[in-house]
Each structure stands twice: as structure tokens, then as C-alpha cells.
Amino acid sequence: MSMKILYAGSPQASQITLNILYDKQKECGFEIAGVLSNPPSAKGRHKELIPTSVAAFALEKGIPLFTPEHLDEDCRNNILPLGADLLVSFAYGHIFGPKFLSLFPAGGVNVHPSLLPKYRGCTPVPAAILNSDDKTAVTVQTLSLKMDEGDILKQREIILDKTETGESLLNNCAEIGAELLCELLKEMASSAEKTYTLPAGTAQSGEPSYTFMISKEDGKIDWDENAQKIEAKVRAYYPEPGTWCLENQMPLRILQAANISNEEFFALSNENKTVFENSENGKVMSFKKGLGIFVKAGSRVLVVKTLQRQGKKAMNYQDFLNGARDFIGSVLK
């Protein structure tokens, strides 16, 4: 009989991990007995109830699905008959209480996309990009009653090259997390004992740091900041909550950008240094074909490549400028 797991998760990245685990069940000696996810949410103009990515996958594959509002007694009574040995969680979004964890004889494990104890909490991926870290990691840890404080069971570092977006890095972490989970589950399933037991973990060491929910307002650009920081924010907050500023009091999203030094800017353009130095931050200076639109930002220049006006589709800078002749010379706020 295979080891049974209950998988808990909700967003698209978590669905990537679940998909890989689903395909690896037989090879690694476990069975996905059920899936736990957040309830459907109302979206769109008609407020249609849409299941989470993880829930949609479970429905497609015919895996028993649970989407309770709360992990209460009714929920526990519904999940208990599954006979799951282990709880596996990635981005479920809730802390599991002792009564819920007691349903699983082998306990629970959690995938966390950071180099724990750095960046505990709900937004470790954008935090690593925002801080221009040279590396991050994916950690599989034991589930504890306190947020992300469990022992480390598996950990793999990821070298960052400063081109990652929040989406691309999280998806990469999801794939690595699935690989680490498969290693762990295979080890547990191949144990000589008939009862499945988690291996001993390693206690986290070092000073912990914490991350928190990101709001749309956090994506507002401050043009007095260095363009390097703004460019990191554009990558970290892509695709959600997005990075934006105001153009004539209307929201303008910046979807893709780079940054260059003032010296590089002068070498690429015919801009007068005195005019540039006397311009305020946020001034749209000029553009260069093959590169993008140059915006003065702090002590450097932001090179805007893709942008989007409210209610319009995303456009590359050349197509955007074709319909916005007065954009060059304007000041973004």
C-alpha cells in the first residue's frame, strides 16, 4: 500500500508542484489521496465563482477536493476518512492548528521559497528580487504551529542573475519544490518500517526576517528612488500587484524595464547634460530604438520597454509612442 498524502495549496505556482507530484506518484511510491484548497472566489464583471488553480487541477483529475472556509471540526471529519499519512503544503495560505495536524500520523511538510530563516512569511520571492539578493532557495520544512519555523528537511539554493520576475522565480521554485518533495516522499516510502516517518530535520539557524502581504499601493513608483531599485520593483511585482505611476493623473503600468547609469544614457542619446541635470525625476527624456524610453530616476535612468495605460492592452514602447506623441517631455508622478 502506497503512502497517502493530502496536498494543500491554492495559486498557480502551487498547481505546478501538484502537477509534477501527480505524475510522479507511482515512481516515488505515494498516492495523492486528496487536495485541500481555498474556496472559489468571485471574479469578473458577473462575479462568477472561480476555483483556485490547485482546485481546478484536482477537479480535472478526479482527486477528492476540499475547499472549506475554515479548518474546523466538520472539515476534519470530512478529511479523516482519506487515511492520509502526511500533509504536504505549498502556498495554501493558512496556518494549520494542532487538531488538524493530528489527522496525519507522519505529520506535515511545507514548501517555502526562501533561504530560511530569511524571508519567513507570505512574499519571500518578491523580497529576494527587491533586495537584489545574489541567491535564494527552496526549502522543505516540517510544519510547525508558528509560521515557517519548522526544521529544514531539504533545501536547494538558486543563484539569481537579476533578470528574474516574481512570476518566473516563483514558478522555478515550484518545480524545484516538487523535485525536493519527490526525493523526500520516495525516501519515506522506501523505509523498511511499515509506518511512514519524517526524517530528522535541521533546526533553522541565523537571524530570521519576515515578509508581509503586498498591496497595489506598494507598486507605486517613487521616481526619486534609484532606477536600479525601481527596475527591481518592476520585476518583483510582475505580474501582480504590478508597478505603476501617474501620467496626467491617470495610472500607467510599467511592465518591463531596465536601468542604466547617467553616463551610459549620455553615450546613447544626444541629451544636453545641463538640461538633464536640471530636469526633475520622472521626466521622460527621450527614447532609443532597440532599447526603450529613458526616464530620469534618482541617480540613474530607467529604460521602459513595455507599458500599459488603464483599460488598454500592454504595448511595447515603440507602439506606445506611436499613439502618444506628447509622451516624450512629460513628467510621470
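This note goes through the salt bridges of a predicted model and then turns to one asparagine.

1. Some ground rules come before the details. The model is predicted, so local features need a pLDDT of at least 70 and side-chain atom pairs count only at pLDDT 80 or more, while totals for chains, interfaces and linings use all residues. Residues are numbered from 1 along each chain as its sequence is written, and side-chain values use heavy atoms, with hydrogens and water left out.

2. Side chains of opposite charge can pair when their charged atoms come close. The structure holds 13 salt bridges, a salt bridge being a side-chain nitrogen of Lys or Arg within 4 Å of a carboxyl oxygen of Asp or Glu.

3. One of these salt bridges joins the side chains of K118 and D133, with 3.4 Å from N to O. Because K118 lies in the loop between β7 (108-112) and β8 (120-121), and D133 in the loop between α5 (124-130) and β9 (135-142), the pair ties together parts that are 15 residues apart in sequence. Helices (H or I, at least four residues) and strands (E, at least two) are DSSP runs, numbered from the N terminus. K118 counts as partly exposed at 35% relative accessibility, whereas D133 is buried at 11%; here buried means under 20% relative accessible area, exposed means over 50%, and partly exposed is in between (1.4 Å probe, protein chains only).

4. A further salt bridge is formed by E183 and K154, whose closest N and O atoms are 3.5 Å apart. E183 lies in helix α6 (residues 166-189) and K154 in strand β10 (residues 152-159), so this pair ties together parts that are 29 residues apart in sequence. With a relative accessibility of 34%, E183 is partly exposed, while K154 is buried, its relative accessible area being 16%.

5. E179 and R156 also form a salt bridge, and their closest N and O atoms are 2.6 Å apart. This pair links distant parts of the chain, with E179 in helix α6 and R156 in strand β10, 23 residues apart. Both residues can be described as partly exposed, E179 at 39% relative accessibility and R156 with a relative accessible area of 28%. Salt bridges that share partners join K154, R156, E179, E183 and E187 into one network.

6. The last point concerns N262, which is placed in helix α8 (residues 262-268). N262 is buried, with a relative accessible area of 19%. Leaving aside neighbours within four places in sequence, N262 is in contact (heavy atoms within 4.5 Å) with F276, S299, R300 and V301.
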